[in-house]
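Trainee: Could you go through this one with me, a bit at a time? I'll ask as I look.

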Amino acid sequence: MYINGAWVDARKSFASHNPANGEVLGHVPDGNEIDARLAIAAAAKASPEWAASTAYLRSNLLHRAWQIMMERKEELARLMTEEQGKPLKASRNEVVYGADFLQWFSEEAKRVYGAVIPAPRAEQRFITLRQPVGVVAAITPWNYPISMLTRKMAPALAAGCTIVLKPAEATPLCAMAVFKVFHDAGFPPGVVNLVTASDPVPVGQEMTANPLVRKITFTGSTRVGKMIAASAAAQVKRVSMELGGHAPFILCPDADPVHAAKGAVLIKGLNTGQACISPNRFLVHRPLVPAFVTELTARTAKLKAGSGLDESVSVGPLINSMALDKVHRQVEDALSKGAKLECGGHRLTEHGLDKGCFYAPTVLSGVTRDMLIWHEETFGPIAPVIAYDDEAEILPLANDTAYGLAAYVYTPTLARAMRLFEGLHFGIIGINDINPTAVAAPFGGMQESGLGREGGAEGISEYLETKLGGFSLV
Ligand code: NAD
């Protein structure tokens, strides 16, 4: 663990495994609530001086961290592929995306402006300051084990907050590598703190119960996010929540089904379907279904699965056997209720893949609303195709979910695109675009997909309070 500027051990340790072959990659400290308390105390002690430091100092340190992360791109990418499973090319992209947040918020640090507001009385003045919220506790998932850390840490640090982070138990080595970057960049002791743990509950409880923590930022499942938000409410702590998704991928009646299928394979394949913005429901105008399914199936069946260290592989393993079971349960449920299997539909075991958690990329057609896959986030390489007959059905079908993170629309018609952009209840809409994310753009969900936005101009606001000064001149 990294507490108060030093690497420290816990009484116990736990192993991190390679999901492609089950091998142990290393052992890391198994922290608990006492370690979390120490880390929070260190962050609280460092907080006043860090909050009072100049934006230029914080900016320079973040810029240095960006440089170091970019210098270590290849070693970080290899570690990520080994620990999380995504193919090396995708890991390299993630390291750059993760580093982008350091660079972007090193710039935003210098642009935290207050305001002078016209007051109602002649002898009165209103001025606002934007000040750091204080100690931030962050909890992150395994699926993007580097960028999900920097997407929180960079804006928090730029704003003048200190931070304690608990990474996912499946990817602690990536988190340690990120903290080595911060250490080497020269952040003062206590400003960034890391507590690794095999059991998230004691650390999470300390984070929500400890009054020194003023803000919780969480990325993970909606189930856990709700519990954390509920606990944080007891002390009215600020919360940001980046939660699950159930993205529709819509082919309007005038879409090109072959072009859309190319995009569908790329975005569905992203991180083997283990992305919060992964499309989970392909809504296709019935006359386009045959051409779309033929192209989607042909391209999906060609994808090569294996260890992400093999540069020819585009499908990595799922994170663990529970994920395999969940995906297979959804496929079996759909097939038992009348869906048609176009390809895949089984675990991959040949050529040594049985040592890892590999599932064949799968296309299901004839999917209907009574199937589990219609309602549950899949987090695996399954593409379920649902046919609709009338354009008026699109919005009710697409919005038929408690989630609201990402949605995708294919149409060459501007008016259609605009109507759907306005009518979809999702925070991120890709219009003929399968990659509507970047550090400069706000990322986040509506409804049960979350609260708040990360990245973009909004990202730093999540870590700032607005304070009003009313001055009487008489
Ligand atoms: P998860 O909710 O199981 O775990 C996320 C984090 O919460 C981990 O660090 C875990 O250790 C911790 N955690 C689990 N139970 C906890 C508890 N009781 N108290 C405190 N901490 C606890 O989710 P996951 O399986 O790691 O990640 C996948 C989920 O994350 C998916 O639902 C995905 O959609 C979501 N996600 C969302 C975004 C986004 O930006 N919206 C990004 C990536 C992943």
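Trainee: Which strand is Phe-471 in?

Mentor: Phe-471 belongs to strand S20, which covers residues 464–472. Please keep in mind as we go on that this is a predicted model.

Trainee: Which sheet does S20 sit in, and what is the strand order?

Mentor: S20 is part of an open sheet of three strands, in the order S5-S6-S20, and the pairing there is antiparallel. The edge strands are S5 (115–117) and S20, each of which pairs on one side only, and from one strand to the next the twist averages 25 degrees.

Trainee: How many bridges join S5 to S6?

Mentor: There are three bridges between S5 and S6 (residues 124–132), and these two strands run antiparallel. Within that arrangement Val-116 stands opposite Ile-127 in S6, and both of these residues are among the members of the nonpolar patch.

Trainee: Switching topic. What is the strand order in the sheet of seven strands?

Mentor: That sheet is also open, with the order S14-S15-S16-S13-S12-S17-S18, and its pairing is mixed. Strand S14 (340–343) and strand S18 (428–431) have a single partner strand each, so they stand at the edges with one side left without a neighbour in the sheet. The twist here averages 20 degrees from one strand to the next.

Trainee: Why is S16 described as largely enclosed?

Mentor: Because six of the seven residues of S16 are buried, the strand is largely enclosed by the rest of the structure.

Trainee: And which strands does helix H11 lie across?

Mentor: Helix H11 (residues 321–336) lies across S14, S15 and S16, and its direction makes an angle of about 25 degrees with S15.

Trainee: Jumping to charges now. How many salt bridges does the structure hold?

Mentor: The structure holds 21 salt bridges. One of them joins Arg-151 to Glu-454, with the closest N and O atoms 2.6 Å apart. Arg-151 lies in helix H5 (residues 147–159), while Glu-454 is in the loop between strand S19 (450–451) and S20, so this pair ties together parts that are 303 residues apart in sequence.

Trainee: Are Arg-151 and Glu-454 buried or exposed?

Mentor: Arg-151 is buried at 2% relative accessibility, and Glu-454 is buried as well, at 5%.

Trainee: What about Lys-166, which residue does its side chain meet in a salt bridge?

Mentor: Lys-166 meets Glu-169, at 3.9 Å from N to O. Lys-166 is buried, with a relative accessible area of 2%, whereas Glu-169 is partly exposed at 35%.

Trainee: And Asp-333, which residue is its partner?

Mentor: The side chain of Asp-333 meets that of Lys-337 in a salt bridge of 2.8 Å, N to O. Asp-333 counts as buried at 14% relative accessibility, and Lys-337 counts as partly exposed at 36%.

Trainee: Which residues are linked in a network of salt bridges?

Mentor: A network of salt bridges links Glu-74, Arg-92 and Glu-311.

Trainee: Last one, the hairpin of S3 and S4: which residue there takes a positive phi?

Mentor: That is Gly-22, with a phi near 75 degrees, in a hairpin that has six residues between the strands. The strands themselves, S3 (residues 13–17) and S4 (residues 24–29), run antiparallel and are joined by five bridges, with Phe-14 opposite Val-28 in S4.

Conventions
Residues are numbered from 1 along each chain as its sequence is written. This is a predicted model: local features need pLDDT of at least 70, side-chain atom pairs count only at pLDDT 80 or more; totals for chains, interfaces and linings use all residues. Side-chain values use heavy atoms; hydrogens and water are left out. Patches are made of residues with over 30% relative accessible area and no salt bridge: like charges are joined within 9 Å, nonpolar side chains (Val, Leu, Ile, Met, Phe, Trp, Tyr) within 5 Å. Accessible areas come from the Shrake-Rupley method with a 1.4 Å probe; for residues, only the protein chains shown count as cover. A salt bridge is a side-chain nitrogen of Lys or Arg within 4 Å of a carboxyl oxygen of Asp or Glu. Helices (H or I, at least four residues) and strands (E, at least two) are DSSP runs, numbered from the N terminus. Two strands pair if DSSP finds at least two bridges between them. Axes are lines fitted to C-alpha atoms, for helices over the stretch in contact, and angles run from 0 to 180 degrees between N-to-C directions. Contact means heavy atoms within 4.5 Å. Buried means under 20% relative accessible area, exposed over 50%, partly exposed in between (1.4 Å probe, protein chains only).
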